Amino acid sequence: MSPLERKEAGNQLFKEGKWEEALEQYTYGLEIENIPPDQKGLLLSNRAQCFLKLSDWQRSLEDANACLALLPEHAKSLVRRGTALEQLGRRDEALRDFAQVARSDPGNVLAVQHARRLREEISMQKSQRDDQSLPSRLLQRLDREDEALDACHEIRRAILERHQGLALLKLDAVPKLLALALKASQETRQAALQCLCSMTSAIPSEEDGPGKLPPAVEKARQQLRQQMAGKLLELRRLCQDAGSMIQLAHLLGHCHELEDEDALEVLRIALDSPEESVQRAALVALHGICDARRLLGSKGAAVVPTGCLQKCMESALHSPLQDLLQGLLAEVFALLADDEDRPEHLKVDLAHFGLLVLEPFLQSEDQMLQSNGLAGLTSLLAAKSKAAQLLQQSQAPLTAMLRALSSPGTDAWHCKAQNHAAECLLLAVSDASTRQRWIEGGGIDVILNALSNLEKGKERSFVDAKLVAVLAILAAHNKEVRDEVFDRVDFMMELRYALEVAQSRVAAATSSEDKRQARRLCSGLLESFACLTIHGEFKELLISSKKTLAALQALAKEEDLGDAGLSFFFAMLIYNLCRSRDDKMRRKTGNPMIDELGSDDLKALEEFYERMPPEARPAVNGEVDPGDAALAAKLRSWCLQREGSGASPVVSKLCRCIQGSSVQCKVLVAESLRFLCQDQSQRKFVASSHGLRALLQLEKEPKATEAARQALAQILISTNPASLQYQEQLDSVRPLLEMFSSSNELYQFEGAMALTNLLTSSEELRGRALQGGAWNLSKDLLFSDNEQVQCAGLEVMCNLTMSPEVLERFADGKAAVELQLLGAFCQSEEPRASIAASGALAMLADTPEVAERIAECQHCITGLLKLLESQDGNLQHRAMVLACAVVEASAEAAKPVLEKVKVRLAKGFSSSFARGLAEELLKENAG
């Protein structure tokens, strides 16, 4: 039989009420191959009707969907699908199908009736649901025992989905939900606590401001804190199940303070729970309480170490959830270490308190507890560097570190303990006394043995990289340690591996703790290199290890140099690399490194060197040799290596260091850039690596001004102004002019030379220079005892004569002194001076009014006559241009000038242009 025949047979059976037999005929028809789409669609639609009669709603829906995929406008199938959807409870979808048929065929009574009925029923149901979900109705339902649980669920949805938290708050939802939690069954109590958690939790938004919560949430927290007073321990007694306890912990994290002893006691009990989920909730809650206090900044009360807080920390240290534990301890120790605006009577001995909490865990034989103790020690040392004093108060910390690093073991807790021990060393090793104790206790052997246990070629671990960083800082302690380290291990290879591991860990870090540890490793490595590069012998090793240098350059990411510590060590490293024993000191204070920085009160730098061993501190007697000039030149060239034709990564990172850094860091950057500008051929690379903009920022810092301005001037002396950004050109004028007033003649000279070059760029630049007093400042340089400074001043004046403002001054007769000076310098035996002065007069004389003033000035005429005696072609050219203007301007001045020109022409000109001018001038004035 054909598909149509099967359809007709099925239709007849359907009319007879034989729905199963009809369904069978439609199915046979659908099994025929190559059936036309329209016939297949009709068979599917009819079979869907059979399924409706058989109450098989799902299969009816499937056949109706299949038909409509072939025949999208088939009205019967839309009605049949709508019927199936309604029976399946999908009333909104059913209404859409009935309505579609009713709109396209208003005569379809069945579809119109179904659409009207469903629309009314859905509207009525929605109205009833809305009425039941009104906040007031929801809260009324809490009083009915059989409805309380469902009401809690509805309230939570109202808060999360319909944002009705504020409306509920105004209707006293907080006390009602809390009362329910104190009297209801376990399931309802947990639901009530969930509602309260939803009301009191929120993520601060930008609209509310940094650390600010939405007003409704803040108010809910205040209400709950007040309502829970005196009820908290009773509530804790009732919360025997894990679910309720988790919700209670979250509530405490939202609403309570570190000073709330009952809250801390409840959280301590939660931390002692055998359920990890409860411990996790308690750790998160404590972290939230600490974080809220931290966000208050100076507005929050100073945190003090109470007995309840100590008990909480001790309970937390028993938890296997070490990542959360370390985050909590970091927050607590940071709050205790914050001494800003802390009254004297609330000062905290952080080392003593930390030791009190951590010592039992550091001495524990249990690997998890010992690992937790070392994790806590890491957080303590990271919070405050002076906390390293605890290492002097007890043997436990160093003993725990030695034990973790020296004992074998591969299980997870032992590996974690080793990682924390290495991290602790990295944080503490900057302290000289800690270093000494570690060395005396056999720490060098422990580290070298740990490193030698690894097979070469194996991927280095994070622990190894930290140990290498510690070893590098120890190597700077004294020559004996350094020689031992260099003799026993391929130290440059170890450093390179450590650098590569640090770089990969920074890239792979995802959690905040991973990122902190990666940054600490980077900082430790940079600090170690900053210590070691004070020594020329180490720099010799470094320059011969290109791979180590490359890894060192890649270690400091530009985005991480916003960190003050990292930027300081990076700047110190580059400064030490670029410095040689030949670099002169400007001012003696007894410390060459400080003297080189141009300041005797660089507090942070002094603290840095105080942490270093005595031998490593630069001393007047020359005990520390930074290396010769040739070595410094090689390292400076390395610093200026570029990536392709782009910027130098080192210079770009140096420039990044000044953003938000300390004054001392800015001084180091300025000095480093000055070193890099000493080679004239390299200055363009500093400029193309954002160096010019950085120097313009640095020169505003008083302690970095001198170095920054000199480097700025050196770049501008040898750089085509057209290659610079115009704003940089304009911004450079002021600092260059201020160099004119320096007592240092070299600074005066370089400032004037740089401005001379810059003034060729535009009239706007010359105008800005004149507004800054450039004319008078450059005129003052003419009175210097240094001929080179005089010449530089004359060249500035020469370029300024192109300005209309200057021409007007001369034309109005307001520059008589300047004319005399220029005339006098035309007679100078110094070629640069006479060339600059004659050039200025030649340009000025191009204006007839000024030419008349020149002709009236005896110094200028005498100078012109002197110039006409010169054998120098450049001077002859300028002299003849000036002579032509003077002869035209004044008959009286013309006589001696023409006579001198005749003599000069008879002797011969070395400048053909000057000779032509002379011949033409004499021809015009013949007879």
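## Basis of the description

The model is predicted, so local features need pLDDT of at least 70 and side-chain atom pairs count only at pLDDT 80 or more, while totals for chains, interfaces and linings use all residues. Residues are numbered from 1 along each chain as its sequence is written, and side-chain values use heavy atoms, with hydrogens and water left out.

## Helix packing

Helices are DSSP runs of H or I with at least four residues, numbered from the N terminus. Axes are lines fitted to C-alpha atoms over the stretch in contact, and angles run from 0 to 180 degrees between N-to-C directions. Helix H5 (residues 75–87) packs against helix H6 (residues 91–104) at an angle of about 160°, and their axes are 8 Å apart. The two helices, H5 and H6, are therefore roughly antiparallel, a term for angles over 145 degrees. The crossing of H5 over H6 is left-handed, meaning that the near helix is turned anticlockwise from the far one by less than a right angle. On the H5 side, the residues that meet H6 are Ala75, Leu78, Val79, Arg81, Gly82, Thr83, Leu85 and Glu86. Their counterparts in H6 are Arg91, Glu93, Ala94, Asp97, Phe98, Gln100 and Val101.

A second pair consists of helix H12 (residues 186–200) and helix H15 (residues 242–255), whose axes come within 9 Å and cross at roughly 25°. H12 is therefore roughly parallel to H15, the description used for angles under 35 degrees. H12 also passes H15 in a left-handed crossing.

## Salt bridges

The structure holds 34 salt bridges, each being a side-chain nitrogen of Lys or Arg within 4 Å of a carboxyl oxygen of Asp or Glu. One of them joins arginine 268 and aspartate 272, with an N to O distance of 2.8 Å. Aspartate 272 is partly exposed at 45% relative accessibility; the accessibility classes are buried (under 20% relative accessible area), exposed (over 50%) and partly exposed (in between), computed with a 1.4 Å probe on protein chains only. Another salt bridge links glutamate 484 and arginine 488 at 3.0 Å, N to O. Both residues belong to helix H28 (residues 479–488) and stand 4 residues apart, about one turn of the helix. Glutamate 484 is partly exposed at 29% relative accessibility, and arginine 488 is partly exposed at 42%.

Aspartate 731 forms a salt bridge with arginine 693, and the closest N and O atoms are 3.3 Å apart. Aspartate 731 is in helix H42 (residues 726–739) and arginine 693 in helix H40 (residues 691–698), so this pair ties together parts that are 38 residues apart in sequence. Aspartate 731 has a relative accessible area of 24% and is partly exposed; arginine 693, at 29%, is also partly exposed. Salt bridges that share partners also join Glu86, Arg91, Arg117 and Glu121 into one network.

## Buried residues in helices

Arginine 236, in helix H14 (residues 232–238), is buried yet has no salt bridge. The nearest side chain of opposite charge is that of glutamate 265, 7.8 Å away; Lys and Arg count as positive and Asp and Glu as negative, while His and the chain ends are not counted. Beyond its neighbours within four places in sequence, arginine 236 is in contact with Met245, Leu248, Val266 and Ile269, where contact means heavy atoms within 4.5 Å.

Serine 60 is placed in helix H4 (residues 57–70) and is buried, at 0% relative accessibility. Its contacts, apart from neighbours within four places in sequence, are Ala48, Phe51, Leu52, Arg80 and Ala84.

## Loop residues

Most residues other than glycine have a negative phi. Asparagine 34, however, has a positive phi near 55°. Asparagine 34 sits in the loop between helix H2 (19–30) and helix H3 (37–53) and is exposed, with a relative accessible area of 77%. Aspartate 172 likewise has a positive phi, near 60°. Its position is the loop between helix H10 (165–170) and helix H11 (173–183), and aspartate 172 is partly exposed at 42%.

Glycine 230 is found in the loop between helix H13 (215–228) and H14. Glycine 230 is exposed, with a relative accessible area of 78%. The C-alpha atoms of glycine 230 and alanine 530 are separated by 57 Å, the two residues being 300 residues apart along the chain.

Terms used. Angles under 35 degrees count as roughly parallel, over 145 as roughly antiparallel, 65 to 115 as roughly perpendicular and the rest as oblique.
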